[in-house]
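Dear colleague,

I am passing on the structure below, together with notes on what was found in it. Please read the notes with the model open beside you.

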Amino acid sequence: MITTPSAGQRRRLCSVTAALATGTLVLSACGGTAEGDDGAEVDLDEVGVGAMEDYGVGDTFVASEPVDFSLLYRDHPNYPLRADWRFFTYLEEEHNVTLNPENAPLSDWEERRSLVIGAGDAPDFIPIVYPGDETPFIAGGALLPVSDYLDQMPHLTEKIEAWDLEEDFNALYQEDGRFYILPGIHEQPQHQYSLAVRGDIWDELGYEDPETWEEFAEQLRGVQEAYPEMVPYSDRWELQATLNLASPNFGTSAGWGFGDGMYFDDDADEFIYAGVTDEYRELLEYFHGLVDEGLMDSESMVQDDDQAIQKFASGQSAVIGANDQELLTYRTSIEEVGDEDMDIRMIRVPAGPSGDSVAGGQLESGLVISSSAAEQDHFVALLQFIDWLYYSDEGLELAKWGVEGETFERDGEERVLADDIDINGLNPGAGEELNVDHGFHNGVFMPAHGSTTDLVQSMLRDEVVDFRESMEDKEILPVPPARPLDELEREQASLTENALSDSVDTATAQFILGQRDLDDWDAYVAELEAQGLGDFVELQNEAYQRAQEAIDGIEEEIDE
């Protein structure tokens, strides 16, 4: 039996690390009561239809009687929803679970998700939600505070401890001392993005993967000299992916990883605004230098992806941003418009002036549960099912590979797809697709692509595994600590955050492209200060200090 804290304790920001160390997660007692979103207690004994008795780690969830769960389903055009998928029929036959998807097309996904949650009319659960996406909906009471019910999810809590995910989960807590999202989780950090280079040119010039960004620039100079008709580097994704992966090595955050701009300075024990730091300026100076020398295409921050891919595939450039799936896209494009002798490969992300590091974090897109689900008579069964499907090794394998003996077999330690089924080019020419025809390998039910390292890598090409292994010796930066704002503070901060981010985005492009001189840096910083930068940073640090005091208080109570 897990100790049940008082309602007052549950409403304070808690330390998952300390709680797990003592076996005392801040959550409801097994088979007892838990505090609902409105402060009222939920009697779990009254909402246990279909739930298993003594459900625990290693158990296969099979509802004790048939249950129906509803979900908002993101319908992907590459594998459109079908009611006869084996994924659905298998759950009905073997697990007594019928899933009732409410369809929302990918093209309209985020807007539809927001409307459904905001209207308070959400189905039982909603997958494809990234940490942070849930925050705007908390005040309205539409989402379940899932941290109150972790004792009903033994596979998740076991992996939090075994995989050292405590700090990742600490960062999910909101100002009320709870969190409202069940993220996808990885056993190890997953490295997916880097730069793709023309391997044939790199081999011709005798280049290995560059160890540093400066060495990368030197290699671009060599490409420029050998191929003067070529712009060596033309990027895609408006350079946002590359800025994101480069920034930790410059001691800052940028691009896709910029977020609200707050960067934790561990030495100073405070948050600073990344966009005005010397480290951010040094990052911009580096990429401006590439543009200024003609080593990087000046259109990299404005061209659409198709243009960048066309330049790379046709031999007009030799470097482009990439991930392991996009490598296949590039090869297909090369077959259509390029030279058959072209070879491409991903390089290890280079080190920089601040070291050889990568941003930390092992969380992935996950799901939220509607607060109204706690009123359904199958609520506990829903929690157990979600725990089994999204966090147990068995459920994760089912979602990714399908049914052993039907869609795949085992050859020793390896899983092998059935001969007539393909996914990711594992069985080229097969008549069926694992996702299109059977409903497995579907991002709605497989948010972390397997979660365990073994399962994540089980369908990866050798070149992808090699790239990820090459990244394993990088220093993993710690996950920034929590700094949850209350509803009033979020409203206060949101307008300033948007204004600051817009200004940073504009200035970043101008500095890199040479449209604004970096000698104008002080004026740029003054512009942000005039937009309320100082108050914004102060507000974030007040929230951080408040959170730390709450964590310290709970740790003291646990110690006592």
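In what follows, a residue is called buried when its relative accessible area is under 20%, exposed when it is over 50%, and partly exposed in between (1.4 Å probe, protein chains only). The model is a predicted one, in which local features need pLDDT of at least 70 and side-chain atom pairs count only at pLDDT 80 or more, while totals for chains, interfaces and linings use all residues. Residues are numbered from 1 along each chain as its sequence is written, and side-chain values use heavy atoms, with hydrogens and water left out. Helices (H or I, at least four residues) and strands (E, at least two) are DSSP runs, numbered from the N terminus.

Ala104 lies in strand E4 (residues 97-105) and is buried, its relative accessible area being 0%. Its C-alpha atom is separated by 47 Å from that of Asp522, a residue 418 positions away along the chain. In helix H5 (residues 154-162), the buried residues include Pro154, His155, Leu156 and Ile160, and the helix is followed by Asp164, with a positive phi near 55°.

As background, most residues other than glycine have a negative phi. Glu238 has a phi near 55° and is partly exposed at 44% relative accessibility, whereas Leu239 has a phi near 70° and is buried, with a relative accessible area of 0%.

On salt bridges (a side-chain nitrogen of Lys or Arg within 4 Å of a carboxyl oxygen of Asp or Glu), the count comes to 31. One of them joins Asp305 to Arg236, with the closest N and O atoms 3.0 Å apart; this pair links distant parts of the chain, since Asp305 belongs to helix H11 (residues 305-313) and Arg236 to the loop between H8 and H9, 69 residues apart. Asp305 is partly exposed at 24% relative accessibility, while Arg236 is buried at 5%.

Another bridge connects Asp473 with Arg348, the closest N and O atoms being 2.8 Å apart. Asp473 is exposed, with a relative accessible area of 59%, and Arg348 is buried at 15% relative accessibility. Salt bridges that share partners also join Glu397, Glu404, Arg410, Arg415 and Asp454 into one network.

Strand E14 (residues 408-411) and strand E15 (residues 414-417) run antiparallel and are joined by four bridges. They form a hairpin with two residues between them, and Gly412 in the turn has a positive phi of about 70°.

Finally, in helix H10, Glu285 forms a salt bridge with Arg281, the closest N and O atoms being 3.3 Å apart; the two are four residues apart, and therefore separated by about one helical turn. Glu285 is partly exposed at 36% relative accessibility, as is Arg281 at 23%.

With kind regards

Definitions and conventions
Pairing = 2+ DSSP bridges.
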